[in-house]
Amino acid sequence: MRSAIFDLDGTLVDTSADLMAAANAVFADWGLAARLGPEDAVTAFGGGRAMLRAGLARAGLSADETRVDAGFAPFVAHYRAKIDRFSTVYEGVEDTLATLQAQGWKLGICTNKPQDLADLLLGRLKLARFFPVVIGADALAVRKPHPLHLTETISRLGGDARRAVLVGDTITDYDTAKAANLPSILVTFGPNAEACRALNPTALLESYADLPPILERLVPA
């Protein structure tokens, strides 16, 4: 059984604006004038702690890990409260996922987003119906780039680890697929496009309309 496993943030959904809004709310709670904007989208996809460090540095403060850790729970609370205010599904995602389902592909998500937030976002954006298996960052004892995060996603789908592909948008996804000895497809329509090209993955994805033939080439029926 063929499986296509997807990262979530920056791959299926542009969540950067909502992530940065949550980080900015923490900075406001701290009385800091620092703000993240569209130019910080790559940092946003690096996670909450990366954004908190960036904001502290921008305010001229030390990114002390104790302070970063203290800000993480408030960040998550702010994010959960307005998780889908600005987030948008990338063009062509839903049509392509429906096509892959019709072709018999098993679809799953392997994300370093916390499980409850991944489930909440997928439900709000009406993407959950495509993914019978979603494994978040805190669902296992390991997370990407550990290959078990990916192979367990495939296993729970009932897929074959020899006939699977990971679609992502960062070096973390690339390294995860490489560690699992699987092909990687990295998207080029997000803020991390040049870095994705430089990694020389198995394939690059310019548009979701191109994904079915790419997958067919990498894992023939």
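**Figure 1. The whole protein and its surface.** Accessible areas come from the Shrake-Rupley method with a 1.4 Å probe, and for residues only the protein chains shown count as cover. By this method the protein exposes about 9600 Å². Carbon and sulfur atoms supply 52% of that area. The model is predicted: local features need pLDDT of at least 70, side-chain atom pairs count only at pLDDT 80 or more, and totals for chains, interfaces and linings use all residues. Residues are numbered from 1 along each chain as its sequence is written, and side-chain values use heavy atoms, with hydrogens and water left out.

**Figure 2. Overall fold and dimensions.** The protein has 10 helices and eight strands. Its radius of gyration is 17 Å, close to the 17 Å that the globule rule gives for 221 residues, so the protein is as compact as a globular protein of that length. (The radius is taken over C-alpha atoms; the rule is 2.2 Å times the number of residues to the power 0.38.) Helices (H or I, at least four residues) and strands (E, at least two) are DSSP runs, numbered from the N terminus. Along the principal axes, the C-alpha atoms fill a box of roughly 55 × 35 × 35 Å. Of the 221 residues, 49% are buried. Buried means under 20% relative accessible area, exposed over 50%, and partly exposed in between (1.4 Å probe, protein chains only). Take the contacts (heavy atoms within 4.5 Å) between residues at least 6 apart in sequence: 65% of them join residues at least 24 apart.

**Figure 3. The D9–K113 salt bridge.** A salt bridge is a side-chain nitrogen of Lys or Arg within 4 Å of a carboxyl oxygen of Asp or Glu. The protein has 14 salt bridges by this rule. In one of them, D9 pairs with K113, and the closest N and O atoms are 2.7 Å apart. D9 lies in the loop between β1 (3–6) and β2 (13–14), and K113 in the loop between β4 (106–110) and α6 (115–124), so the pair ties together parts that are 104 residues apart in sequence. Both D9 and K113 are buried.

**Figure 4. The D84–R124 salt bridge.** D84 and R124 form a salt bridge, with 3.1 Å between the closest N and O atoms. The pair links distant parts of the chain, 40 residues apart. D84 sits in the loop between α4 (65–81) and β3 (88–89), while R124 belongs to helix α6. D84 is partly exposed, at 28% relative accessible area. R124 is partly exposed too, at 40%.

**Figure 5. The R129–E94 salt bridge.** R129 forms a salt bridge with E94; their closest N and O atoms are 3.3 Å apart. R129 lies in the loop between α6 and β5 (133–135) and E94 in helix α5 (residues 93–102), so the pair ties together parts 35 residues apart in sequence. R129 is exposed, with a relative accessible area of 53%. E94 is partly exposed, at 33%. Elsewhere, salt bridges that share partners join D7, K144 and D173 into one network.

**Figure 6. The surroundings of P212.** P212 lies in helix α10 (residues 211–218). At 12% relative accessibility, P212 is buried. Leaving aside residues up to four places away in sequence, P212 touches T96, T99, L100 and Q103. P212 and T96 are 116 residues apart in sequence, yet their C-alpha atoms are 7.2 Å apart in space.
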